[in-house]
Amino acid sequence: MRRTLLAVALGLLTLAGSAWADSPIVRWNRIEGVIGADLTEIRVGPIFASTRWRTTGSGSAMVNLQNGFLSFRVTGASVAKNYANAPLGSLTPAGGQSIGTVVCNATERFGPIEWANTPVLVAKTAGAISFEGFIDLPASCRDYPEEVVFLIRHTETAPFFGTFNFYGADRTIGGK
């Protein structure tokens, strides 16, 4: 009887494990600032990294690839060395504007790069920005979760698409 119960329990754990593996949640446990020590061009598709160094205190992001729910929070965001003439888009002062961007198929192995943006976000306090809401994700995000990248960008439009200041790091793909 015990062996039967143990076999059933192990079977259920195996099924539960495979369900978690197929879950559509992508998390970034850290948000990092762009640091261009050697001025090497850094970009994700047509979106270039900022040429000004950025730093963060803490931050994280999460996106549900099934329904497009995105949540992120960053604190302590600033231009490195806190330059006095930093533009509003740097997130240094309260009132700075940026957008969050989820990039799909970032390496272009499975087709063209696509992305979805949040509405324009305004920092409520110096160095802090957050968002919780739904964005319209392209299908390539759901199809290739290992190709998903998270960025926080300036609010420019084409052809520059707004350089990115911050990016998601320490990514995990898995359960809720």
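Is Phe131 buried or exposed? Phe131 has a relative accessibility of 11%, so it counts as buried; the cut-offs are under 20% relative accessible area for buried, over 50% for exposed and partly exposed in between, with a 1.4 Å probe and protein chains only.

## About the model

Let's begin with the ground rules. The model is predicted: local features need pLDDT of at least 70, side-chain atom pairs count only at pLDDT 80 or more, and totals for chains, interfaces and linings use all residues. Residues are numbered from 1 along each chain as its sequence is written, and side-chain values use heavy atoms, with hydrogens and water left out.

## The nonpolar cores

A nonpolar core here is a set of buried Ala, Val, Leu, Ile, Met, Phe, Trp, Tyr and Cys residues joined through side-chain atoms within 4.5 Å. The largest one has 23 residues, and Leu70, Phe72, Val102, Leu137 and Phe150 are the members that touch the most others. Two or more residues come from each of strand 1 (25-33), strand 5 (58-64), strand 6 (69-75), strand 8 (97-104), strand 11 (129-134) and strand 12 (149-153). Strands (E, at least two residues) and helices (H or I, at least four) are DSSP runs, numbered from the N terminus. Another core, of nine residues, lies apart from it and includes Val44, Ile47, Ala106 and Phe164.

## Aromatic pairs

How many aromatic pairs does a search of the whole structure find? The search finds five. Rings of Phe, Tyr and Trp (its six-membered ring) pair if their centres lie within 6.5 Å; planes under 30 degrees apart count as stacked, over 60 as edge-to-face and the rest as tilted.

Phe72 and Phe131 make a tilted pair, because their ring centres are 6.2 Å apart and their planes stand at 35°. Phe72 belongs to strand 6 and Phe131 to strand 11, so this pair ties together parts that are 59 residues apart in sequence. Phe72 is buried, with a relative accessible area of 2%. Phe72 also forms a tilted pair with Phe150, at 4.9 Å centre to centre and 55° between the planes. Since Phe150 lies in strand 12, that pair ties strand 6 to a part 78 residues apart in sequence. Trp28, Phe72, Phe131 and Phe150 form one aromatic cluster.

## Strand pairing around Trp28

Two strands pair if DSSP finds at least two bridges between them. Strand 1 pairs with strand 5 in the antiparallel sense over four bridges, and Trp28 stands opposite Ala61 there. Strand 1 also pairs with strand 13 (residues 164-174), again antiparallel, over eight bridges; in strand 13 the bridge partner of Trp28 is Arg171.

## An exposed phenylalanine

Phe134 lies in strand 11. At 58% relative accessibility, Phe134 counts as exposed. Phe134 touches Asn67, Gly68 and Phe69, not counting residues up to four places away in sequence.

## The disulfide

Taking a disulfide as a pair of cysteine sulfur atoms within 2.5 Å, the count comes to one. Cys104 and Cys141 form it, with their sulfur atoms 1.7 Å apart, and the link is left-handed, at -65° about the S-S bond. Cys104 is in strand 8 and Cys141 in helix 2 (residues 139-143), 37 residues apart, so to speak a link between distant parts of the chain. Both Cys104 and Cys141 are buried.

Methods:
Contact = heavy atoms within 4.5 Å.
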